[in-house]
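Welcome to this short briefing. Take a look at the sequence and the 3D structure, and then we will walk through them together.

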Amino acid sequence: MSDYRSSGVDIDAGDRAVELMKRHVETTRTPGVLGGIGSFGGLFRPDLAGMEEPVLVSGTDGVGTKLKLAFAMDIHDSVGVDCVAMCVNDIISMGATPLFFLDYIAIGRLEPGKIEKIVSGVCEGCRQASSALIGGETAEMPGLYAESEYDLAGFAVGLVDRQEIIDGSTIEKGDILVGWPSSGFHSNGFSLVRKIISDEKIDLYETIPGFSRPIGLELLTPTRIYVSLLERLKKLCKPKGIAHITGGGLLENLPRVIPEGLKCEIHTDSWEVPPVIEFIVERGGVEVREAYRTFNMGIGLVTAFSPDDADTVLQGMKDEKPVEIGVVVAGEGGVTLCRRG
């Protein structure tokens, strides 16, 4: 006799996973949440008080091949933070405040303990983003994924008053580009990172001189979530434009918020590249422009301000270590990499 378990799908294991994740999900609950997990849809009632023209802002993303390192190290919570970060950092770049999040986990063989670790990381990311995890899906897919492997993606929704949308349209020549430090590679460029690790025969468990822990743990450092930073920043001085330095690095993401007839001049000697990124770039012999087109190089978010406002931000947000990384100049789009002066 055939049953679903004999085909590789264990419904009982799925039920156990849901029970394990419930306590983590509850920690993300915010005033707008209606009901709990387990329904066919997540319910959320936003507070629209004081908004003239509310606009929903949505974003979706995944963790990418960074997951391969999580599999190799058997560490599964940090990638949950990555999943949230990659989504919410996109929507806050439009001026939105995150409201809620949904996750999607597809796995070869459902292990309740592993699912709990993944979801605990997602919940940690949601707490950092002041966002509620109101639903998701865990799909056991034998034959499509290896038993020990999974994919992880998410979907975030935020809210902004239309007049407060930040789209870069007011950026002009002479505006200052202020960069905010990343926590490392974040969750981009890992196909190249993994190739370099393989080509150079780097042991993920090795503690490289100059580092205090194995290189694998350094590489799994979760993506920084900039939600609280931007909420504080907007109260001090609203940015003209915000670029999340995600896939494509500084070279591809800055032009997304710069009006026509302008370009970015980035002073690469303005900040220190994180040691873990510097190590991988040097060991892999990655050419300079390729590095800045693939990795964030230590800058996870860039905001544009007039010169006077930039001074206010650099002084008023010193504890967040902002860096004046460049300036907007006349030109036909793109990014010029150079040194100051």
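Which residues does the UniProt annotation "domain: PurM-like N-terminal" cover? The unreviewed entry gives residues 55-160. You are looking at a predicted model, where local features need pLDDT of at least 70, side-chain atom pairs count only at pLDDT 80 or more, and totals for chains, interfaces and linings use all residues. Residues are numbered from 1 along each chain as its sequence is written, and side-chain values use heavy atoms, leaving out hydrogens and water.

**Annotated spans**
- Residues 55-160 are 38% helix and 37% strand, with end C-alpha atoms 5 Å apart (helices, H or I, of at least four residues and strands, E, of at least two are DSSP runs numbered from the N terminus).
- UniProt, again in an unreviewed entry, places "domain: PurM-like C-terminal" at residues 173-334.
- Over residues 173-334 the chain is 35% helix and 19% strand, and 14 Å separates the end C-alpha atoms.

**Two domains**
- An automatic or database assignment divides the chain into domain 1 (4-164) and domain 2 (175-338).
- Their C-alpha centres lie 25 Å apart.
- In domain 1, 30 residues are in contact with 29 residues of domain 2 (heavy atoms within 4.5 Å).

**The largest pocket**
- A pocket is an open set of points on a 1 Å grid over the protein atoms alone, where a 1.4 Å probe fits, with protein on both sides within 12 Å along at least five of seven lines; lining residues have an atom within 4 Å of a point.
- The largest pocket holds about 580 Å³ of space, a volume filled by probe spheres set on the points, which are joined across faces, edges and corners.
- Its lining has 28 residues, and Val18, Gly38, Gly136, Glu137 and Thr138 lie nearest the centre.
- α1 (11-26), β4 (97-107) and β5 (132-140) each supply at least two lining residues, and β5 gives the most, with eight.

Definitions and conventions
UniProt positions renumbered as here; feature names shortened; annotations may be inferred.
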